[in-house]
Amino acid sequence: MSDHSLDTLQTWIRTESPTSEPAGVNMMMDLVIAELTGAPVSVERIPGQQGLGDALVLRAGPRTDAPGILVLSHLDTVHPVGTIEADLPLRIDGDRLYGPGVYDMKGGAWLALEAFRQVAVLEKATRPLVYIVTPDEEIGSPMTRPLIEALARKSACALVTEPARDGGRIVTSRKGVGRFDVHVEGRPAHAGSRHRDGRNAIHEAAAQILAIEALTDYARGITTTVGMIAGGTAVNTIPQHCRFPVDLRVETVADGVEMEAAIRGLVPRNSDFRLTITGGMNRPPYERSEGTDTLFAHARAIAAEIGFDLVSSDKVGGGSDGNFTAALGIPTLDGLGIDGDGAHTLQEYGLISSIAPRRDLMRRLLETL
Ligand SMILES: [Zn+2]
């Protein structure tokens with residue numbers, strides 16, 4: 001890999017860009033545009049909404065109505081501004097490049113942008129190339145989902161640059177993700193003098209949480225998790241309110257429908273409590289289709305030419321924007337980004353040696369699909 005390539009990636013990592021900091025995300029978008037100076041690429045910049053940064057739609061290759069190749073990268077990260085100064089400094093240790101967002105997914109976005117640019121400059125594309133760079137993936141893509149889906153419908157396939165899995169495995173299926181908020185309302189009372197009058201919202205929530213967690217069924221790949229809880233106002237007051245979110249993962253669309261109904265349909269154990277449940281499936285399951293099988297076989301053959309064995313991981317628990325394209329029936333390959341480990345943690349790193357071969361894979365995919 002050239003010095004310019006590694007230098008630029010390091011500049012990207014120094015440019016901290018958590019989803020909630022549109023200024024940082026927009027600086028990232030500026031850096032992407034700067035890389036395309038002089039290349040035959042059209043740049044559409046979509047202003048951020050809902051307090052988010054901007055999105056980019058980059059177009060190259062033949063300007064025809066033929067179904068194109070859609071590339072998806074996000075440039076928001078989960079790490080707050082300041083992480084690079086303190087907890088996760090940018091550093092190189094052997095083959096490892098450490099820094100916030102290097103693995104998820106600035107490394108992947110960088111290698112795909114290099115490939116996209118090369119194919120555009122050399123005029124090697126046979127299909128229209130559309131590259132969407134987003135500011136909001138880490139919070140479930142509330143702003144860019146409609147854009148992704150609209151452009152996916154016009155595409156022959158989608159290539160997503162989320163991080164590779166252990167040993168460079170790519171991703172050909174992902175679980176669907178549901179998110180819910182549960183609010184339990186009881187009746188407050190003094191814990192000493194009026195205990196009998198109280199209806200403890202935390203107690204009722206505890207029973208509901210047991211029911212929700214009991215929906216987990218590993219054999220079907222269904223999991224439910226209550227990962228946070230908030231309730232009560234004082235140690236000596238029977239609490240009126242308790243709130244908690246629910247994380248749901250499913251492997252099939254049918255299971256998503258069933259589990260959504262089960263969670264939304266929970267009722268309080270007695271009429272002194274009120275239960276309000278909002279939310280639902282947020283990312284549909286990305287089920288491996290025949291089209292994705294064909295796409296994978298093609299990518300595997302290219303990887304063999306480049307000199308590595310491309311393997312698909314088992315179904316992945318985390319969702320991505322690939323869930324949206326796959327759910328529309330568009331053949332989708334994900335996990336095409338950098339290899340490494342530690343996504344969303346302070347041990348996050350990418351493997352420098354994985355960048356060049358995976359950039360070449362992306363370039364060949366853009367030329368041959
Ligand atoms: Zn990601």
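Mentor: We will go through the metal site, the pockets and the aromatic pairs.

Trainee: What should I keep in mind about the source of the coordinates?
Mentor: This is a predicted model, in which local features need pLDDT of at least 70 and side-chain atom pairs count only at pLDDT 80 or more, while totals for chains, interfaces and linings use all residues. Residues are numbered from 1 along each chain as its sequence is written, and side-chain values use heavy atoms, with hydrogens and water left out.

Trainee: Ok, which are the protein donors of the zinc ion?
Mentor: They are H74 through NE2, D104 through OD and E162 through OE, lying 1.9 to 2.1 Å from the zinc ion; donors here are N, O and S atoms within 2.8 Å of the metal (3.2 Å for Na, K and Ca), and because water is not among the atoms, sites may look incomplete.

Trainee: And what spacing do the donors follow along the chain?
Mentor: The spacing is H-x29-D-x57-E. H74 sits in strand β3 (residues 68-74) and D104 in helix α3, 30 residues apart, so that this pair links distant parts of the chain; helices (H or I, at least four residues) and strands (E, at least two) are DSSP runs numbered from the N terminus.

Trainee: Are H74 and D104 buried or exposed?
Mentor: H74 counts as buried at 1% relative accessibility, and D104 is buried too, with a relative accessible area of 7%. Buried means under 20% relative accessible area, exposed over 50% and partly exposed in between, with a 1.4 Å probe and protein chains only.

Trainee: Switching to pockets, what volume does the largest pocket have?
Mentor: Its volume is about 550 Å³, where a volume is the space filled by probe spheres set on grid points that are joined across faces, edges and corners. A pocket is an open set of points on a 1 Å grid over the protein atoms alone, where a 1.4 Å probe fits, with protein on both sides within 12 Å along at least five of seven lines, and lining residues have an atom within 4 Å of a point.

Trainee: Which residues lie nearest its centre?
Mentor: Of the 28 residues in the lining, D104, E138, G318, G319 and H344 lie nearest the centre of the largest pocket, and D104 is also a donor of the zinc ion.

Trainee: What is the lining like by class?
Mentor: The lining of the largest pocket has eight nonpolar, eight polar and twelve charged residues. Here Ala, Val, Leu, Ile, Met, Phe, Trp, Tyr, Cys and Pro count as nonpolar, Asp, Glu, Lys and Arg as charged, and the others, Gly among them, as polar.

Trainee: How many aromatic pairs does the structure hold?
Mentor: There are three; rings of Phe, Tyr and Trp (its six-membered ring) pair if their centres lie within 6.5 Å, and planes under 30 degrees apart count as stacked, over 60 as edge-to-face and the rest as tilted. One of them joins W12 and W110, whose ring centres are 5.2 Å apart with planes at 75°, so the pair is edge-to-face. W12 is in helix α1 (residues 3-14) and W110 in helix α3, 98 residues apart.

Trainee: What about Y98 and Y349?
Mentor: Their ring centres are 5.4 Å apart and their planes at 50°, so this pair is tilted. Y98 lies in strand β5 (residues 96-98) and Y349 in strand β17 (residues 349-351), so the pair ties together parts that are 251 residues apart in sequence.

Trainee: Which residue lies over the face of Y98?
Mentor: R91 does, at 4.0 Å from the ring centre, and R96 lies over the face of Y349, at 4.0 Å from that ring centre; a charge sits over a ring if NZ of Lys or CZ of Arg is within 6 Å of the ring centre and within 35 degrees of the ring normal.
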